[in-house]
Amino acid sequence: MMPRALLLHPIRFYRDHRLTCARSSEYIDDELGVDARLRIEAHLHLCPSCARLLFSLRRTVRALGLLRTIDPAGPEVQAGILARLRHEPDLDEDSGGYRTP
Amino acid sequence: MQPGTRSRTHGDGKEIVPAATAANGVNPPALSRVSVCDVQPSRVDPALTCSCPPLRGVVRGARERRRSTAIRWPWEDGARARSSAITHRRSTAVDDRALVARARSGDRLAFEALVRLHAGRLHAVVRRLVDDRHEADEVTQEAFLRAWRAIGTFKGDSQFFTWLYRIGVNEAHRRTARRATADTSLEDQRVEPADSRPGPAAHLEQSDLRAALEKAVRGLRPDYRAPLVLRDIEGLTTTEGASILGLSEAAFKSRLHRARLAVRDAVRDHLPGDHEA
């Protein structure tokens with residue numbers, strides 16, 4: 001554990017603050033390396049602003065899960081796709097470029 | 001083990017049998033089957049506890065009591081729904097491979113099965129990337145038609161849905177860009193996004209938070225919106241999302257972060273306790 005005085009040194013604090021602001025999403029998603037994660041965690045104990053940022057960001061991400069719904073238009077969309085698909089030529093025919101999207 | 005009880009192993013959980021009843025030689029009814037991970041020491045009824053290490057604190061109805069007393073946040077339900085949907089999607093990956101192999105050989109029925117598996121999901125994604133439902137229908141149809149025509153070029157390096165989403169997202173971006181160009185002359189007259197009227201999600205649940213989230217997501221720039229939709233709403237991984245959008249993972253993460261910050265600012269008033277943190 002790094003000494004508190006060192007973490008509070010203005011240059012170090014500023015760098016950790018920027019790191020936390022820039023990479024808090026990666027921290028939430030657990031996609032950071034060990035070094036960056038430890039730096040952010042140490043900084044969070046000293047910086048209420050970053051702690052608030054992380055708290056609110058985490059809640060926002062969780063809340064966004066509310067928007068995940070199975071689209072009720074699924075069956076209609078399926079019917080439309082299948083209808084159009086039946087007018088498509090078979091793949092094993094010489095369809096001249098049909099295999100290219 | 002306390003003197004008043006005995007236990008018997010049963011799969012991954014254990015049943016507690018009161019010794020007084022068991023001593024009669026009658027097989028008593030099982031109290032409950034609760035795995036050790038359900039144990040909450042603070043709520044343990046001493047009469048029903050066992051001191052042996054694997055079974056410390058097993059109690060009747062612990063799971064039910066925990067459900068009734070735990071604080072449940074609405075977005076946690078959403079998170080559970082998302083994770084179950086992710087599990088479902090991954091479980092269909094195996095089916096996808098067999099269907100894709102048959103579709104590649106020209107089996108139309110196999111491709112129709114893929115349509116049934118993925119149409120609703122793809123439509124939900126596209127719906128958030130284009131301005132109205134009718135356009136989302138068209139984009140989804142077009143994406144599947146393109147996928148059918150190009151199924152021979154799909155090598156199986158990525159999962160089928162990743163490849164399909166890429167086609168759908170590209171088509172959505174193409175349409176959005178075309179519309180943006182066409183609307184340039186009308187820019188001054190545009191007041192609200194075209195989809196500010198109640199959409200299907202709003203009909204499902206008219207909560208302020210959901211409405212605010214919908215509005216915030218729709219207000220994002222398209223290049224920020226897509227990473228957020230894929231990662232936070234659809235629950236894809238960063239690798240999958242970056243692959244679909246054709247971005248490096250670093251670029252994907254950067255856009256995702258900016259999108260999240262924008263949404264956070266937009267819905268700040270709707271998240272309880274945010275200001276006190």
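**Chat about chains A and B**

Colleague: What share of the 277 residues in chain B is buried?
Modeller: In this predicted model, buried residues account for 33% of the 277 residues in chain B.

Colleague: How many helices and strands does chain B have?
Modeller: Chain B contains 11 helices and 3 strands. Along the sequence their order is β-β-α-β-α-α-α-α-α-α-α-α-α-α.

Colleague: At what angle do α9 and α11 of chain B pack?
Modeller: Helix α9 (residues 222-233) of chain B meets helix α11 (residues 249-267) of chain B at about 90 degrees, and their axes are 8 Å apart. Angles of 65 to 115 degrees count as roughly perpendicular, so α9(B) and α11(B) are roughly perpendicular to each other.

Colleague: Which residues of α9(B) meet α11(B)?
Modeller: Among them are B:Tyr224, B:Pro227 and B:Leu228, while the α11(B) side includes B:Phe252, B:Leu256 and B:Val263.

Colleague: Switching to chain A. Where is the kink in α2(A) centred?
Modeller: The kink in α2(A) is centred on A:Ala22 and amounts to about 60 degrees.

Colleague: What span should the 19 residues of α2 have?
Modeller: At 1.5 Å a residue, helix α2 (residues 10-28) of chain A should span 27 Å; its end C-alpha atoms lie 25 Å apart, which agrees.

Colleague: What do the buried residues of α2(A) pack against?
Modeller: Those buried residues, including A:Asp16, A:Thr20 and A:Arg23, pack against α3 (34-44) and α4 (48-64) of chain A, together with α11 of chain B.

Colleague: Which residue just after α2(A) has a positive phi?
Modeller: A:Asp30, with a phi of about 60 degrees.

How values were computed: Residues numbered from 1 in each chain as written. Chains lettered and ligands numbered in written order. Predicted model: local features only at pLDDT ≥ 70, side-chain atom pairs only at ≥ 80, totals over all residues. Axes fitted to C-alpha atoms, helices over the stretch in contact; angles between N-to-C directions. Helix = DSSP H or I, 4+ residues; strand = E, 2+ residues; numbered from the N terminus. Parallel < 35°, antiparallel > 145°, perpendicular 65-115°, else oblique. Contact = placed C-beta atoms within 7 Å. Expected span 1.5 Å × (residues − 1). Bend = angle between axes of the 7 residues up to and from the residue. Buried ≥ 20, exposed ≤ 12 C-beta atoms within 10 Å, placed from the backbone.
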